[in-house]
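Here is a short report on one model.

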Amino acid sequence: MSLMYMLLLVGIGSGLGGMCRFLISFFIKTPETSFPFSTLLANLLGCLLIGLFLGLSVRHHWISKELHFLLVTGFCGGFTTFSTFSNEALMLLRSEAFLSFGLYVGLSLSLGVCLVALAYWLATL
């Protein structure tokens, strides 16, 4: 598989993931210093999806190298929003919303890891 083909797959997946991420933030609007539910949802869904894709790949060999680049690297990479997550966490800190900051960071990390593990486990049954 050529580098150009891999880049094309990642680019297509990334574009689709970014568009889906935009739709979530479009329909779930949150003010700048409020709890960022749309980013939390996108990150948790992305964790669930990446666990599912990787689990299906390992257990059932349903995901080829091409689909891995398209779905895991591209789509999930474009869909999840770690830089947005980090910025929103900083905004919560700067606005002294310490409880929201703790909840947001704690839920994002703990639930994210749990969802990847759960989806991976389910996909490998």
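This is a predicted model: local features need pLDDT of at least 70, side-chain atom pairs count only at pLDDT 80 or more; totals for chains, interfaces and linings use all residues.

Residues are numbered from 1 along each chain as its sequence is written, and side-chain values use heavy atoms, with hydrogens and water left out.

**Pocket.** A pocket is an open set of points on a 1 Å grid over the protein atoms alone, where a 1.4 Å probe fits, with protein on both sides within 12 Å along at least five of seven lines; lining residues have an atom within 4 Å of a point. The volume is the space filled by probe spheres set on the points, which are joined across faces, edges and corners. The largest pocket has a volume of about 220 Å³. Its lining has 15 residues, and Asn-43, Cys-47, Thr-80, Phe-82 and Ser-108 lie nearest its centre. Helices H2 (37–60), H3 (65–79), H4 (82–94) and H5 (98–123) each give two or more residues to this lining. Helices here are DSSP runs (H or I, at least four residues), numbered from the N terminus. By class, eight lining residues are nonpolar, seven are polar and none is charged. Ala, Val, Leu, Ile, Met, Phe, Trp, Tyr, Cys and Pro count as nonpolar, Asp, Glu, Lys and Arg as charged, and the others, Gly among them, as polar.

**Cysteines.** How many disulfides does the whole structure hold? The search finds zero, with a disulfide taken as a pair of cysteine sulfur atoms within 2.5 Å. The closest cysteine sulfur to that of Cys-20 is in Cys-76, at 10 Å, too far for a bond. Cys-47 is in no disulfide either; its nearest cysteine sulfur, that of Cys-76, is 8.8 Å away. Cys-20 is partly exposed, at 31% relative accessible area, while Cys-47 is buried, at 18%. Buried means under 20%, exposed over 50%, and partly exposed in between (1.4 Å probe, protein chains only).

**Helices.** The expected span is 1.5 Å times one less than the number of residues.

| Helix | Length | Span, first to last C-alpha | Expected span |
|---|---|---|---|
| H2 | 24 residues | 33 Å | 34 Å |
| H5 | 26 residues | 37 Å | 38 Å |

Both spans are close to expectation. After H2 comes His-61, with a positive phi near 55°. In H5, the buried residues are Tyr-104, Val-105, Ser-108, Gly-112, Ala-119 and Ala-123. They pack against H2 and H4, where contact means heavy atoms within 4.5 Å.

**Ser-86.** Ser-86 lies in H4 and is partly exposed, at 33% relative accessible area.
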